[in-house]
Amino acid sequence: MSSSTDSPTLTTETTQLSPQPDTETAKPTKKITLKSSDNQIFEVEESVAMEFATVKSFFEDSPSTDTVPLPNVTAKPLSQVIEFCKEQIKFKANPDEAQKKKYNAEFVTEKSDKDLVDMIPVANYLEIKDLLDVLNQAVADRIENKSVEYVRSFFGIDNDFTAEEEAALRREHAWAYEGVDED
Amino acid sequence: MDLDSEKHSKRRKTKVEDDPQTTGMELLPREIAHDILSRLPITSLVQFKCVCRAWRALLQDPQLVNLYLTFSTLVTDQPCLILHCDFPIRNNLYFVDFAAHEEEKEKVKTIRAPFSSVMPEFEVVGSCNGLLCLSDSLYNDSLFIYNPFTGRYKELPKSFQYPDQEVVFGFGFNAKTKEYKVIRIVYYRNRHGGYPRSRRPIYSLSEVQVLTLGCPEWRSLGKVSYRLVRRASGALVNGRLHWISRPCRNKPARRLVSFDLTDEQFREVPKPDCGGLNRCTDLVALRGCLSAAVYCNYRRLEIWVMKEYNVKGSWVKEYNIGPYLPKGLKQKPVRPPKIWKNDSSGRVVGALCVLKNGEILLEYKNRALFSYDPENGKFKDVELKGAPNWFQTVVHVGSLNWIDTPSDADNQGSDSASPCVS
């Protein structure tokens with residue numbers, strides 16, 4: 001076959017294309033200041049701040065600033081989000097899926113319901129996809145198969161149905177309310 | 001609306017303005033609320049409609065409905081089974097959600113059939129994208145589309161009926177055109193035709209009727225040369241429904257016949273090398289592949305899987321399952337000989353789906369479910385708490401899906417399941 005004579009030349013060409021990685025020497029770690037809506041100051045390493053897509057694009061637009069105001073974010077959830085991202089940086093440098101999974105699971109199990117719910121808008125605002133995924137799953141796990149009353153208190157929701165309306169809704173799908181998990 | 005409830009809702013409104021913290025998930029962007037809800041089992045979704053008005057609206061949002069459907073159709077290894085029971089008298093539907101309770105006894109819940117007054121006895125024609133297609137088993141002329149998890153149902157237009165007929169049904173979704181189609185393959189005979197002395201009536205004539213959901217009328221595609229064996233659902237794979245044909249004079253070997261929902265043509269599909277399809281009791285979609293369950297000697301069940309659609313060489317004997325009798329079914333109970341008209345004679349074990357842990361879920365004589373682990377060859381009974389004694393199992397996808405056709409938009413608020421006042 002004629003094609004077989006072509007193939008050796010192809011392979012030699014590809015070997016020449018081996019990439020030359022430019023070895024980045026360790027830069028001095030730059031700190032970035034984040035300011036929460038309740039005026040608390042957080043100093044974080046640049047690498048951690050760059051995990052926040054919102055902060056990253058802020059810097060791309062105005063690179064000269066040194067303090068990033070976060071008007072939608074309060075201190076407590078922000079500190080927890082920073083804690084999470086610091087760990088994720090370590091996993092990025094040193095990938096260990098099992099370890100990462102374990103950390104993520106522990107991160108959410110030790111948080112209160114309120115902490116989880118409060119962190120979600122922060123993770124969303126800062127566009128931290130991994131964290132958002134972990135948090136959404138954690139919330140889903142905590143409310144799945146639970147009673148309606150449990151969900152209301154979980155999110156602090158007031159029931160705005162009249163008693164008759166609620167009774168009608170429950171009658172409609174009576175089977176669904178059997179055998180929910182204990183609160 | 002009575003005065004009381006109006007007062008209530010007014011009070012509620014002012015409260016929201018005063019204290020936005022109490023709104024919980026409403027504060028989250030809609031996509032996030034959707035993302036969280038789409039991770040929940042279907043029973044939770046149905047229940048959480050009465051958390052508050054905002055949640056009810058959230059759960060009826062077509063975006064969430066689609067997201068949830070995409071999620072749950074991808075996860076075929078955590079099925080939601082619908083059990084249909086028509087014995088002794090009343091027709092009932094039950095369901096078991098494998099996604100909701102893992103490693104536990106499966107709880108069986110009864111679903112109210114809101115159409116029982118118009119159609120007291122029915123058969124499940126098929127399940128697709130969370131919708132069931134049901135046919136009237138008393139008169140055979142009504143068809144309903146029903147979502148057991150929203151309670152919404154809709155009667156389909158009537159098709160032409162022959163006085164003496166046998167019908168093979170199919171129900172499927174065409175992903176290309178986003179249309180649902182119901183197909184009726186009708187075999188019939190003229191009143192004075194056929195062979196009166198033969199035990200089985202011979203229906204020498206045929207007509208294929210198709211209804212695209214949302215259209216007012218059935219279309220006739222003319223006759224079909226294959227005599228198809230009636231099954232509960234014509235396994236939907238690759239946009240085609242599948243059946244096995246009966247042997248007949250000019251085609252002595254059984255064929256694997258498909259119906260393409262796009263071009264509405266019948267085509268043959270290569271058969272597995274399982275020694276003919278005479279003992280093939282089931283066609284199912286396992287992990288998205290067309291599969292054939294073949295009942296062999298010594299009560300052995302082989303399951304052949306076509307790994308690559310329409311490629312003869314890709315048929316593999318994936319499971320070779322020895323005889324098994326689920327516990328508690330040792331003695332033979334009394335049962336009327338023909339419960340389901342579409343129940344194939346001689347079918348003992350039916351294949352349902354592959355579970356998350358790699359085990360295959362099987363149904364035993366319409367009475368019990370068990371799973372088989374191909375790794376170690378072990379069997380496991382699936383304990384169904386509260387299941388009827390006899391049931392037909394339908395692999396379903398729990399969803400809040402509904403058929404979006406222009407005609408439905410008009411009566412969206414007036415259908416039977418819509419909540420009272422708002």
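Start in chain B of this predicted model by selecting strand S1 (residues 80–85) together with strand S26 (residues 392–396): the two pair in the antiparallel sense over five bridges. To find your bearings along this pairing, pick Leu83(B), which stands opposite Thr393(B) in S26(B).

Next, show the side chains of S1(B). Are they buried or exposed? Six of the six residues in S1(B) are buried. Cys80(B), Ile82(B) and His84(B) point one way from the strand, while Leu81(B), Leu83(B) and Cys85(B) point the other way.

Time to move over to chain A. Colour chain A by secondary structure and you will find nine helices and three strands, in the order α-β-β-α-α-β-α-α-α-α-α-α from the N terminus. Of its 183 residues, 39% count as buried.

For the last stop, select helices H6 (residues 113–125) and H7 (residues 129–143) of chain A. Their axes lie 9 Å apart and the helices pack at an angle of about 145°, in a left-handed crossing. Show the side chains at the contact, including Leu116(A), Met119(A) and Ile120(A) from H6(A), and Leu132(A), Leu135(A) and Val139(A) from H7(A). The residues of this contact divide into nine nonpolar, two polar and two charged.

How values were computed:
Residues numbered from 1 in each chain as written. Chains lettered and ligands numbered in written order. Predicted model: local features only at pLDDT ≥ 70, side-chain atom pairs only at ≥ 80, totals over all residues. Heavy atoms only, no water. Helix = DSSP H or I, 4+ residues; strand = E, 2+ residues; numbered from the N terminus. Buried < 20%, exposed > 50% of the residue type's maximum accessible area, 1.4 Å probe, protein only. Axes fitted to C-alpha atoms, helices over the stretch in contact; angles between N-to-C directions. Left-handed = near helix turned anticlockwise from the far one by under 90°. Contact = heavy atoms within 4.5 Å. Nonpolar A, V, L, I, M, F, W, Y, C, P; charged D, E, K, R; others polar. Pairing = 2+ DSSP bridges.
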